[in-house]
Amino acid sequence: MKKIILVFSLAISVLLGCAESSKELLIKNAAPDRPTGQKDVLALKCDPIPTVRVAFIGLGMRGPGAVGRMAQIDGVEIVALCDVRQEGTQKANAILEKHGKPQAKEFFGDTAVWRQVTALPDVDLIYIATDWKSHAMIGMQAMEDGKHVAIEVPAAMTMDEIWGLINTSERTRKHCMQLENCVYDFFELTTLNMVQQGLLGEVLHGEGAYIHGLQPFWDQYWEGWRMDYNRKHRGDVYPTHGIGPVCQAMNIHRGDKMNVLVSMDTKAFGNPAYIKEKTGEEITDFRNGDHTMTMIRTEKGKTMLIEHDVTSPRPYSRMYQISGTKGFANKYPSPGYALDAKEIADDNIVNHEDLNAHRFVPEEVRKALMEKYKHPIVVDIEEKAKKVGGHGGMDFVMDYRLIYCLQKGLPLDMDVYDLAEWCCMIPLSEISLDKGSAPVEIPDFTRGGWDKLTKLEFYK
């Protein structure tokens, strides 16, 4: 008996020692003090803007589609179009003409011309769709120039850029929203509504990803900037599509916060092979692995798994899984819900014999659930969103909600802290990988305000 107790005591000591070692291995990354005179922008409200005057900077792959969508939203004036290439601004003005809108002033010619646009006096919102590395720089200057900003994903690539956007938004009291369209996909919105109404119970785990073979698209990025970034950097360099909807369902900085992440990756094979096939160049210094996995733990003991893969021959997937104590939601490869049989019966949807949480509910039940829990913000605009399009309509919902909230003087659906939390995976996953998959602290970007709000609100 004494021997058993001794062995047990030794085992406990080893476990405690491992725990202490893990704490010692944690790479610290605490939030800097908030500058004097600043305060948070949680649920920030600004003066209503009945007619929102918009300037677009960046008219390559994403910008023209946004121009077309904005041209179909009431109360929007597109006053300026900016791109390095004149063909970009001309194409965007042709889109405005197609929709019967006035021509916008064009700015083009070099990589610094955007500065003239942020300084314009007759602009309320700067819509940024340039390459990743210029997103934060333009966003900060636009806020300094008195404009609200909406920035394509990812909005920031480094911790300095993230804190720069936060501090500028807090000091200027201007909205800084990341244009994360996937949170507006109809399945994700419906699932969020289910979560907020308690149908899935307490959410304990979430998964998200960006798995998308980009071989058909690499040549479309101006001067190859996206491949170049993957060549020079390691980690999840495009996390927001996967992590955004998961963070919303898990109330990140609205009652919980992310505390630590650990990343692992495979070797780099697919992208170096692609470059060799296209150019003949032998690549020996390609940094980013084919597949990256990042695990996250929250303050309240919940977990996330986020993945990135842009080269493997796999079907497109954002993974999107939400695991709760009463149910489960899954989007890829096919959408489905698994719920306790009692939850289904109590919800008066339908009562099937032997229904249980070990398999998805039948298709007719899924459709009934999707209809019953359709998110309120899409009820009135779903038909138009699907007609206008943009990834099935979610892009239009995103733009519509941005304009709606600015017009009404309401807090935006996503704030600068969402931007920070979703983008921080880029630099922090690289740190973890370069340190042998060491745990890395995720700072509290709200600097103490992570539990001031209780859930995500879509203000009406």
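Two strands are taken to pair if DSSP finds at least two bridges between them. Helices (H or I, at least four residues) and strands (E, at least two) are DSSP runs, numbered from the N terminus. The model is predicted: local features need pLDDT of at least 70 and side-chain atom pairs pLDDT 80 or more, whereas totals for chains, interfaces and linings use all residues. Residues are numbered from 1 along each chain as its sequence is written, and side-chain values use heavy atoms, with hydrogens and water left out.

Strand β5 (residues 148–151) pairs with β6 in the parallel sense over 3 bridges, and A150 stands opposite M177 in β6. Both strands belong to an open sheet of 6 strands with parallel pairing, in the order β3-β2-β1-β4-β5-β6. Its edge strands, β3 (105–108) and β6 (176–178), each pair on one side only. From one strand to the next, the twist averages 20°. Helix α3 (residues 86–98) packs on the sheet and touches β2 (76–83) and β3, contact meaning heavy atoms within 4.5 Å. The direction of α3 makes about 160° with that of β2; axes are lines fitted to C-alpha atoms, for helices over the stretch in contact, and angles run from 0 to 180 degrees between N-to-C directions.

In helix α12 (residues 363–372), the buried residues are V365, R366, L369 and M370. Buried means under 20% relative accessible area, exposed over 50%, and partly exposed in between (1.4 Å probe, protein chains only). Seen down the axis of α12, these buried residues fall within an arc of 135°, so they line one face of the helix; the arc is that of the directions from the helix axis to the C-beta atoms. The exposed residues K367 and E371 are carried on the face turned away from the buried side of α12.

The whole structure has 15 aromatic pairs. Rings of Phe, Tyr and Trp (its six-membered ring) pair if their centres lie within 6.5 Å; planes under 30 degrees apart count as stacked, over 60 as edge-to-face and the rest as tilted. The ring centres of Y210 and Y316 are 6.3 Å apart and the planes stand at 90°, so this pair is edge-to-face. Y210 lies in strand β7 (residues 203–211) and Y316 in the loop between β10 (303–309) and β11 (321–324), so the pair ties together parts 106 residues apart in sequence. Y210 is buried, at 5% relative accessible area, whereas Y316 is partly exposed, at 35%. One aromatic cluster includes Y210, Y316 and Y332.
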